[in-house]
Structures are given as C-alpha cells and as structure tokens.
Amino acid sequence: MTHSDANDQSPHAGKHISPKHSTHPLLSYLDPEHLGPWGIYLQQVDRVTPYLGHLAKWVETLKRPKRALIVDIPIELDNGTVAHFEGYRVQHNLSRGPGKGGVRFHQDVTLSEVMALSAWMSVKNAAVNVPYGGAKGGVRIDPRKYSQNELEKVARRYTSEIGLIIGPTKDIPAPDVNTNEKVMAWMMDTYSQNVGATATGVVTGKPIELGGSLGRREATGRGVFTVGVEAAKLIGLPIDGVRVAIQGFGNVGGTAGKLFAEAGAKVVAVQDHTGTVYRDGGLDVEALLAHVRETGGVSGFGKADVMADDEFWGVDCDILIPAALEGQVNKDTAPRIKAKMVIEGANGPTTPTADDILNDKGVLVLPDVIANAGGVTVSYFEWVQDFSSFFWTEDEINQRLVKIMKDAFNAVWQVAQQHKVSLRTATFIVACSRILQARELRGLYP
Ligand SMILES: NC(=O)c1ccc[n+]([C@@H]2O[C@H](COP(=O)([O-])OP(=O)(O)OC[C@H]3O[C@@H](n4cnc5c(N)ncnc54)[C@H](O)[C@@H]3O)[C@@H](O)[C@H]2O)c1
C-alpha cells in the first residue's frame with residue numbers, strides 16, 4: 001500500500017515542460033514546482049505529439065483545460081456550526097461532445113488532480129469513441145467524517161454551484177471515488193429542481209429506479225476483464241489457470257476478480273485498505289466478496305493466508321490488476337512486479353518512471369485510458385437510454401459493451417504494433433488524433 005511518490009516523475013513533470021515543449025507559458029494558476037498529476041499528463045501528451053502528424057498544430061489545446069470552475073460549498077453541520085468545502089468542476093475538452101467524468105469526494109483532491117483526471121477522460125472517451133469530451137469534478141472532503149445528512153447538503157450545494165456549466169447536453173457527472181448511486185440521485189434531484197424539470201440525463205451511475213442502467217455497476221470490471229482476455233490471447237497466455245493479483249477489491253477490482261475466477265483464473269492475492277490475503281492455489285472469490293460485503297474489507301478472511309502488505313507487489317502472478325488508487329505502481333514497486341501483464345483498473349495507477357521500468361522488463365501494460373473505459377461506455381448507454389426513455393436488457397448492454405471494448409482495444413493494439421510504441425502511447429495516438437481532428441473540423445471561433 002504505497003502512495004504516489006511525488007519524486008517519481010521525470011524532470012518533464014515539473015517546471016521544465018512549459019518552455020521546452022509548449023508554445024505558451026505554463027498556466028499561471030499552477031505551481032510549476034508541484035504540477036502533480038497534471039505534470040504526468042503533460043508528459044504523456046509530449047510522448048504522443050510526434051505521432052500526430054499535421055494535427056500536432058493543435059496540440060496546445062490538450063495542454064490547457066477549456067474551463068475550470070472552483071466553487072465554495074458552505075453547509076450547516078449537524079452541530080449547528082457552518083463548514084466550507086472547496087469544490088471543482090473541470091471541462092478539459094468539449095470538441096467531441098458534452099463533458100463526461102466522475103465526481104470525487106476526497107480530502108486530498110486538488111485542482112491539478114481534477115485537471116489531470118478530466119484530461120484522461122477526454123482521452124478515454126475518444127479511445128472508445130463515445131461522443132463525449134472530458135470532464136471531472138471533486139470536493140475536498142473526507143466523507144467518513146460526516147453524516148449522511150451533511151453529505152447530502154454538500155452534494156446538493158456542489159451541484160447547484162456547478163449547475164452553471166453542467167447539464168444533459170453540456171457536461172454529465174458520474175460517480176468516482178467515495179461517491180455512489182445515492183450521491184447521483186441527490187445531484188439529479190438538485191439539478192432537476194433548479195431547472196424545473198426532471199432531467200435524468202444530467203448524471204449517470206444513478207439508481208435503476210431513477211433512470212440508471214442495468215450493468216453499469218459491473219461495467220468497469222467487465223471492461224477490465226474483456227481487454228485482459230483479448231490481450232492474453234494476443235500474447236498466448238491461456239486464461240485457464242492464469243495467476244491474478246488484485247489491489248483494490250471494490251467495484252472495479254471485485255467485479256474483475258469475479259469474472260477472471262469464473263473464466264478459470266486463480267486469483268492468488270488481493271489487497272485492499274484493510275490488508276492483504278493470499279492463497280497459492282487460488283482464493284475463493286465469491287466467499288471473499290461476501291466477506292468484504294459483511295466486514296468492509298479483505299482483512300480477517302478465514303480461507304486465506306495473511307501476507308504482509310509490502311509483499312503484495314512481488315507476488316508470483318501472471319496478471320496484476322491495480323484497482324485502487326493513483327501512483328501505486330511506482331519506482332519502488334515496479335521493479336518487484338513478476339506479472340507478464342498489468343491491467344490498470346484504477347485511474348493513473350502507474351507513474352511514468354514505473355511505466356519505463358515495466359516496459360524495460362517486457363511487462364505488457366494495458367493502460368487505464370482503455371482498460372477501465374467500460375464504466376464510461378455503459379454510462380454512455382445510460383445517457384442514451386435516458387434521452388429516449390427506452391431501456392435495454394442487461395444482455396444487450398453487456399454485448400454492446402464487450403463489442404466496443406474489444407474493437408477499441410484491437411484498434412489500439414494495431415497502432416502500437418505499427419509505431420512500435422507502448423499501448424499507452426498508442427491509446428493516446430488514437431484518442432488525441434480523434435480529439436484534434438474534431439477541433440480542426442470545428443475550427444476556431446471567432
Ligand atoms: N467505478 C468505476 O466505474 C470506475 C471507472 C473507471 C475508473 N475507476 C477507478 O478505479 C479505482 C477504484 O474505483 P472503485 O469504483 O472500484 O472504488 P471502490 O471504492 O469501490 O473500491 C476501492 C478499493 O480500493 C481499496 N483501497 C483504498 N485505499 C487503498 C490502499 N491504500 N491500498 C490498497 N487498497 C486500497 C479499497 O479498500 C477498495 O477495495 C479508482 O481509481 C477509480 O477512479 C472506477
């Protein structure tokens with residue numbers, strides 16, 4: 001359970017990026033010494049620029065968000081005092097359609113982080129070719145310290161404040177870390193009250209009863225599994241008996257683990273915020289999921305050996321799935337990884353230094369911007385269903401999801417082979433070309 005290492009970035013992640021690679025100075029509202037995740041994103045754009053051909057003319061558009069809104073969220077707490085929270089909504093790029101991206105409640109959320117996450121949403125949406133731009137939101141709050149009543153007030157006031165720029169055809173939030181269906185219901189209701197009409201399409205990831213989609217809850221994990229199986233085929237790795245290790249056993253990691261186990265894989269190690277469990281012959285995934293539902297974490301699971309948290313990274317496995325936090329695969333953990341393939345369920349789990357280490361070791365990395373795009377794909381289905389008020393069956397949803405994920409992954413694989421680049425750079429090539437093509441076709445106004 002390591003944390004993102006601020007030093008685990010090349011110098012490009014810091015103040016050197018702007019003068020060297022950009023035609024404009026670095027954005028004045030960022031600290032050039034501490035660019036955070038936005039610095040990592042800028043490096044990724046720099047890596048892709050040589051492959052953009054004539055579209056490179058527009059690349060600066062990717063290096064600055066179209067719009068960033070910072071809001072104050074005052075609420076009256078249960079004890080009668082007033083607390084203020086900082087909230088953000090960033091729309092990175094809207095050339096291909098309305099903004100789309102989750103809302104995160106976390107005490108450490110920063111503008112730089114939300115900017116980077118919004119940019120990765122632009123890339124992800126373009127990579128799977130859903131008609132969206134990229135956006136993201138966040139509130140600086142530790143939700144564990146507040147009551148449901150207080151969290152409802154935060155969600156509603158935040159929605160009202162960002163109501164200026166969100167909407168079913170403008171920008172559509174969704175759940176992310178520490179937000180869920182309930183928060184989406186509050187957001188949908190608040191926005192609807194403000195505009196005077198029920199607007200189910202303003203958020204996705206809603207409860208089914210309020211226009212949510214079947215299959216949305218499992219969609220990201222299903223996408224992780226789908227691209228994992230496709231990649232395994234391409235490198236000749238049979239899924240039956242393959243050894244899988246997973247960090248994060250929530251929505252994404254839990255679903256991916258279940259699907260891999262059902263396909264015959266052995267899930268040998270699972271780590272979450274409560275600890276690490278291991279069984280050489282494969283864990284009973286259904287029983288572990290039930291244990292997590294009952295107790296809130298993997299710790300204390302009877303049918304497993306306990307493993308020191310730090311040993312997780314060196315576990316003997318073929319597939320490693322980071323599905324928890326950012327920066328977990330870094331300069332300390334990457335050298336110990338024995339897997340042949342890393343599937344990024346989490347957003348931004350691998351630092352650029354670790355990317356290079358894994359590349360040198362011949363580990364295939366399926367990057368977040370394609371591997372965890374299943375969630376936004378079914379969010380897109382939810383939005384389409386809300387517009388037509390006609391709802392699909394779970395089978396239809398899963399079939400459409402699997403087709404989109406397979407087609408998108410195979411297209412990225414071809415580009416990686418063609419240019420002899422990593423899958424991350426290949427995904428950026430596909431996605432950034434689509435974004436900048438739209439930018440060019442629309443032209444500059446005025
Ligand atoms: N849910 C989605 O549809 C979706 C879509 C795309 C990307 N993601 C990304 O996937 C990741 C996980 O999201 P989720 O929806 O599964 O969240 P979740 O809250 O359901 O699960 C998070 C898991 O991470 C574990 N975790 C937290 N801190 C940890 C630590 N320090 N060490 C080890 N494990 C830790 C938790 O115990 C939990 O098992 C996030 O990066 C999120 O942005 C989620």
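Q: Which residues does Asp272 touch, not counting residues up to four places away in sequence?
A: Asp272 touches Gly248, Phe249, Gly297 and Val298 once residues up to four places away in sequence are left out, where two residues are in contact if their C-beta atoms, placed from the backbone, lie within 7 Å.

Q: What kind of model is this, and how are residues numbered?
A: This is a predicted model, in which local features need pLDDT of at least 70 and side-chain atom pairs count only at pLDDT 80 or more, whereas totals for chains, interfaces and linings use all residues. Residues are numbered from 1 along each chain as its sequence is written.

Q: Back to Asp272, how far is it from Val298 in sequence and in space?
A: Asp272 and Val298 are separated by 26 residues in sequence, and their C-alpha atoms are 6.6 Å apart in space.

Q: Is Asp272 buried or exposed, and where is it found?
A: Asp272 is found in strand S7, and it counts as buried because 23 C-beta neighbours lie inside 10 Å. A residue is buried if 20 or more other C-beta atoms lie within 10 Å of its own, exposed if 12 or fewer, and partly exposed in between, with C-beta atoms placed from the backbone. As for the names, strands (E, at least two residues) and helices (H or I, at least four) are DSSP runs, numbered from the N terminus.

Q: Which residues come nearest to the ligand?
A: Of the 23 residues around the ligand, Gly248, Gly250, Asp272, Ala346 and Gly375 come nearest, where a residue is near a molecule or strand if its C-beta atom, placed from the backbone, lies within 6 Å of it.

Q: How do the residues of that shell divide, and what supplies the largest share?
A: The shell around the ligand divides into 8 nonpolar, 13 polar and 2 charged residues. Here Ala, Val, Leu, Ile, Met, Phe, Trp, Tyr, Cys and Pro count as nonpolar, Asp, Glu, Lys and Arg as charged, and the others, Gly among them, as polar. Helix H7 gives the largest share of the shell, 3 residues, and both H7 and S7 supply at least two residues each.

Q: What does H7 pack on? And start with the sheet: what is its strand order?
A: The sheet is open and has 7 strands in the order S9-S8-S7-S6-S10-S11-S12, with mixed pairing, where two strands pair if DSSP finds at least two bridges between them. Strand S9 (305–306) and strand S12 (364–366) stand at the edges, each with a single partner strand, so one side of each has no neighbour in the sheet. Helix H7 (residues 251–262) packs on this sheet, touching strand S6 (243–247), strand S7 (266–272) and strand S10 (319–322), and its direction makes about 170° with that of S6. For such angles, axes are lines fitted to C-alpha atoms, for helices over the stretch in contact, and angles run from 0 to 180 degrees between N-to-C directions.

Q: How do S11 and S12 run?
A: Strand S11 (residues 341–343) is joined to S12 by 3 bridges, and the two run parallel, with Ile343 standing opposite Leu366 in S12.

Q: Why does the span of H7 agree with what it should be?
A: The 12 residues of H7 should span 16 Å at 1.5 Å a residue, and its end C-alpha atoms are 17 Å apart, which agrees; the expected span is 1.5 Å times one less than the number of residues.

Q: What do the buried residues of H7 pack against?
A: The buried residues of H7, including Val252, Ala256 and Phe260, pack against helix H6 (216–234), S6, S7, helix H8 (285–295) and S10. Just after H7, Gly264 takes a positive phi of about 105°.

Q: Last one, how many residues of S3 are buried?
A: Strand S3 (residues 99–105) is mostly covered, with 7 of its 7 residues buried. S3 pairs with strand S5 (residues 171–175) in the parallel sense over 5 bridges, and Gly101 stands opposite Pro173 in S5.
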